[in-house]
Amino acid sequence: MTNAVEQLHAVKARIANAEREARREPGAVTLVAVSKTFTAEDIRPVIEADQRVFGENRVQEAQGKWPALKAAFADLELHLIGPLQSNKAKEAVALFDVIETVDREKIAAELAKEMARQRRSPKLYVQVNTGSEPQKAGIEPRDAVAFVKRCRDVHSLAIEGLMCIPPADENPGPHFALLDKLAREAGVAKLSMGMSGDYETAIAFGATSVRVGSAIFGSR
């Protein structure tokens, strides 16, 4: 495995440089280190190098490694960045601090029910399918603002931000610009956008968090 700690420092330096170039405040962008498919032993050195925010794609995989890590490091923040099935809402609410993939009515209803039952309130983002790709999760851009409003008004969910994954073969800039526009219209402050190949572009377009995996941990 690549030296993840060295790579972490390199990514943080590039984020700081991108913030400067975009004339944004230092520290305006949160790095979410995407640790899917990597073991707790792989992740621990990155935590010990002072990274505190991590992302996982699958609830079941995260359950296998993060409860022990969170018990050992009390200030960790764990994001769910993969699709959420409604039958996993209970486990997701119990484990994750941020759920970035709210994208349909059924999920909103299940999360509202579980958050009330567990008295736990993870922060929530709506995932937008900016490229309208049929194989990809996320709400259609034309429906995003109304869906955020329904989450608030019908399900009493405080939606904090929007998230997107642009099509792999397209220039990500227009997708990031669209997400920023939708966030303003919906009245949300946070933008989760940008991954290992395009996070500097995302920062230029206003990302408040970037999800970086392979550039830190190496290829899967």
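The lining of the largest pocket is made up of 8 nonpolar, 7 polar and 4 charged residues. Here Ala, Val, Leu, Ile, Met, Phe, Trp, Tyr, Cys and Pro count as nonpolar, Asp, Glu, Lys and Arg as charged, and the others, Gly among them, as polar. The model is predicted, with pLDDT of at least 70 needed for local features and 80 or more for side-chain atom pairs, while totals for chains, interfaces and linings use all residues. Residues are numbered from 1 along each chain as its sequence is written, and side-chain values use heavy atoms, leaving out hydrogens and water.

**Pockets**

- The largest pocket has a volume of about 320 Å³, a volume being the space filled by probe spheres set on grid points joined across faces, edges and corners.
- Of its 19 lining residues, Lys36, Asn57, Ile81, Ile165 and Met195 are the closest to the centre of the largest pocket.
- A pocket is an open set of points, on a 1 Å grid over the protein atoms alone, where a 1.4 Å probe fits, with protein on both sides within 12 Å along at least five of seven lines; lining residues have an atom within 4 Å of a point.
- The second largest pocket has a volume of about 160 Å³.
- Asn57, Arg58, Val59, Gln60, Pro83, Leu84, Gln85 and Lys88 form the lining of the second largest pocket, which by class has 3 nonpolar, 3 polar and 2 charged residues.

**Helix 6**

- Helix 6 covers residues 105-118, and its end C-alpha atoms are 20 Å apart, in agreement with the 20 Å that its 14 residues should span at 1.5 Å a residue. The expected span is 1.5 Å times one less than the number of residues.
- Helices (H or I, at least four residues) and strands (E, at least two) are DSSP runs, numbered from the N terminus.
- Ile107, Ala108, Leu111, Ala112, Glu114 and Met115 are the buried residues of helix 6. Buried means under 20% relative accessible area, exposed over 50% and partly exposed in between, with a 1.4 Å probe and protein chains only.
- These buried residues of helix 6 pack against helix 5 (89-95), strand 4 (98-102), strand 5 (123-128) and helix 7 (141-153).

**Loop residues with positive phi**

- Asp50, a residue other than glycine, has a positive phi near 85 degrees. Its place is the loop between helix 2 (40-48) and strand 2 (53-56), and Asp50 is exposed at 54% relative accessible area.
- Ser156 also has a positive phi, near 55 degrees. Ser156 sits in the loop between helix 7 and strand 6 (159-164) and is exposed at 64% relative accessibility.

**Buried residues**

- Glu56, in strand 2, is buried with a relative accessible area of 0%. Its side chain makes a polar contact with the side chain of Lys65 at 3.0 Å. A polar contact is a pair of N or O atoms within 3.5 Å; within protein, one must be able to donate a hydrogen and the other to accept it, and residues adjacent in sequence count only if both atoms are side-chain atoms.
- Thr101, in strand 4, is buried at 1% relative accessibility. The side chain of Thr101 reaches the backbone oxygen of Gly82 at 2.8 Å.
- Not counting residues up to four places away in sequence, Thr101 touches residues including Ile81, Pro83, Leu84, Tyr125 and Met163. Contact means heavy atoms within 4.5 Å.
- Pro172 lies in helix 8 (residues 172-186) and is buried with a relative accessible area of 15%. Leaving aside neighbours within four places in sequence, Pro172 is in contact with Pro166, Asp198 and Thr201.
- The C-alpha atoms of Pro172 and Phe205 are separated by 10.0 Å, with the two residues 33 residues apart along the chain.
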